[in-house]
Amino acid sequence: MNRWSVSFLLYIICQCLNGGAVKKIRKPKPWKHPQPITRTQLIQLREEFWDTAPHYGGRKEIWDALRAAAEADITLAQAIVDSAGVIVQSSDLTVCYDERGAKYELPRYVLSEPTNMIRES
């Protein structure tokens with residue numbers, strides 16, 4: 001078994017012990033980018049991530065659902081991940097799994113804006 005398989009199995013066991021409760025998602029905690037960036041740069045980072053993410057494994061339809069959830073308000077995001085069968089490990093959506101055990105890691109910059117973002121005029 002590889003490392004992600006073991007962590008996924010441990011997560012499933014914990015879910016079973018918790019009565020299979022669905023983890024409610026929440027907004028990510030405030031964070032800072034290593035250097036201040038503009039909204040345009042943030043959008044470019046996000047586009048590059050979503051364009052390349054499916055190449056790292058997992059299923060395209062799950063990546064599409066995660067993108068839709070990342071770009072939605074919390075209530076809609078919860079409905080999206082629930083209907084797609086996404087298993088949320090981190091309530092801020094940074095670590096998720098699909099029902100086959102594939103791991104999906106989302107960087108904070110696709111989920112929220114940094115606190116040190118430069119406002120463009």
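D64 is partly exposed in this predicted model, with a relative accessibility of 42%. Its side chain meets that of K60 in a salt bridge, with N and O 3.1 Å apart. K60 counts as exposed, at 52% relative accessibility. Both residues belong to helix α3, where they sit 4 residues apart, so about one helical turn separates them.

**Salt bridges**

The count of salt bridges comes to 8. Side chains of opposite charge can pair when their charged atoms come close.

| Pair | N to O distance | Relative accessible area |
|---|---|---|
| D64 and K60 | 3.1 Å | D64 42%, K60 52% |
| R67 and E47 | 2.8 Å | R67 25%, E47 33% |
| R119 and E113 | 3.9 Å | R119 62%, E113 31% |

R67 forms a salt bridge with E47. This pair links distant parts of the chain, since R67 lies in helix α3 and E47 in helix α2, 20 residues apart. R67 is partly exposed, and E47 is partly exposed as well.

**Overall fold**

The chain contains 4 helices and 3 strands. Along the sequence they follow the pattern α-α-α-α-β-β-β. The chain has 121 residues, of which 40% are buried. Its accessible surface comes to about 7,600 Å², and carbon and sulfur atoms account for 56% of that area. Among contacts with a separation of 6 or more, 62% are between residues 24 or more positions apart.

In soluble globular proteins, nonpolar side chains tend to be buried together. The largest nonpolar core here has 22 residues, and W50, W63, L66, L93 and L106 have the most contacts inside it. Helices α2 (39–52), α3 (60–70) and α4 (74–84) each supply at least two residues of this core. The largest share, 6 residues, comes from α3. Helix α3 is also where D64 and K60 pair.

L106 shows how parts of the sequence meet in this core. Leaving aside neighbours within four places in sequence, L106 is in contact with F49, W50, W63, L66, L93, T94 and L111. Among these partners, W50, W63, L66 and L93 are also named with L106 as having the most contacts inside the core.

Key:
Residues are numbered from 1 along each chain as its sequence is written. This is a predicted model: local features need pLDDT of at least 70, side-chain atom pairs count only at pLDDT 80 or more; totals for chains, interfaces and linings use all residues. Side-chain values use heavy atoms; hydrogens and water are left out. Buried means under 20% relative accessible area, exposed over 50%, partly exposed in between (1.4 Å probe, protein chains only). Contact means heavy atoms within 4.5 Å. Accessible areas come from the Shrake-Rupley method with a 1.4 Å probe; for residues, only the protein chains shown count as cover. A nonpolar core is a set of buried Ala, Val, Leu, Ile, Met, Phe, Trp, Tyr and Cys residues joined through side-chain atoms within 4.5 Å. A salt bridge is a side-chain nitrogen of Lys or Arg within 4 Å of a carboxyl oxygen of Asp or Glu.
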